[in-house]
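Colleague: I would like a close look at one part of this model, the pairing of its strands. Please take me through it step by step.

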Amino acid sequence: LLPDSQRALVVARTARLIEVETGNVLWEQGLPSRLSRVWLNPTGESWFLLSSPRIGTSEVQFRSMIPGQESQTLFSGGSVSLDGIMTTPDGTALVYLTKDGMLARRPLGGDRTESVVAHEQAPRHLTFSADGDWLFTGGDDWRLRVWNAGTLEPVCFVRPARASVSR
């Protein structure tokens with residue numbers, strides 16, 4: 001269900017944007033093979049696909065809710081952690097963790113990606129604070145890291161007793 005509560009994105013073999021009240025299909029788009037995850041931009045104006053076109057690789061596509069606009073590949077290459085990818089709360093950038101321990105941010109519509117080493121072992125999850133100021137990452141190095149979401153500067157880390165951090 002999109003933020004306006006009047007439209008829904010339905011994903012199966014294809015993706016369809018439908019009007020909730022009438023069931024009318026506003027548009028339909030094909031999907032890549034080996035689709036791993038689909039999520040909406042918080043603004044409701046676009047959506048994202050995470051797929052694995054080849055074993056060990058990841059691809060993230062940005063797709064507009066506006067019919068006729070072309071999709072854009074934002075990331076293609078190394079492996080992205082499935083629970084380690086999302087948009088910023090304001091919907092202006094894509095933030096993701098790579099399986100080799102990097103934390104990266106790419107502004108939507110931009111071509112420059114910022115990245116920092118986030119974890120010594122496989123990172124598993126990331127999430128933002130409710131106000132969007134802080135970013136939290138966790139992984140197999142048993143560390144929960146807190147980052148300044150605007151600068152990707154590390155703030156602190158917590159090391160739990162004996163388990164990896166997943167959610």
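**How the strands pair**

Modeller: Strand β13, residues 134–139, pairs with strand β14, residues 144–148, in the antiparallel sense, and five bridges link the two. One of the residues to look for is Phe 136, whose bridge partner in β14 is Val 146. Keep in mind that this is a predicted model. As background, the strands of a sheet pair through backbone hydrogen bonds, and the pairing is either parallel or antiparallel.

Now widen the view. β13 and β14 belong to an open sheet of four strands, in the order β12-β13-β14-β15, with antiparallel pairing. At the edges stand β12 (123–128) and β15 (154–158); each has a single partner strand, so one side of each is left without a neighbour in the sheet. From one strand to the next, the twist averages 20 degrees.

For another example of pairing, go to strand β1 (residues 7–11) and strand β2 (residues 14–19). These two are antiparallel and share five bridges. Within this pair, Ile 18 of β2 lies opposite Ala 8.

Conventions. Residues are numbered from 1 along each chain as its sequence is written. This is a predicted model: local features need pLDDT of at least 70, side-chain atom pairs count only at pLDDT 80 or more; totals for chains, interfaces and linings use all residues. Side-chain values use heavy atoms; hydrogens and water are left out. Two strands pair if DSSP finds at least two bridges between them. Axes are lines fitted to C-alpha atoms, for helices over the stretch in contact, and angles run from 0 to 180 degrees between N-to-C directions.
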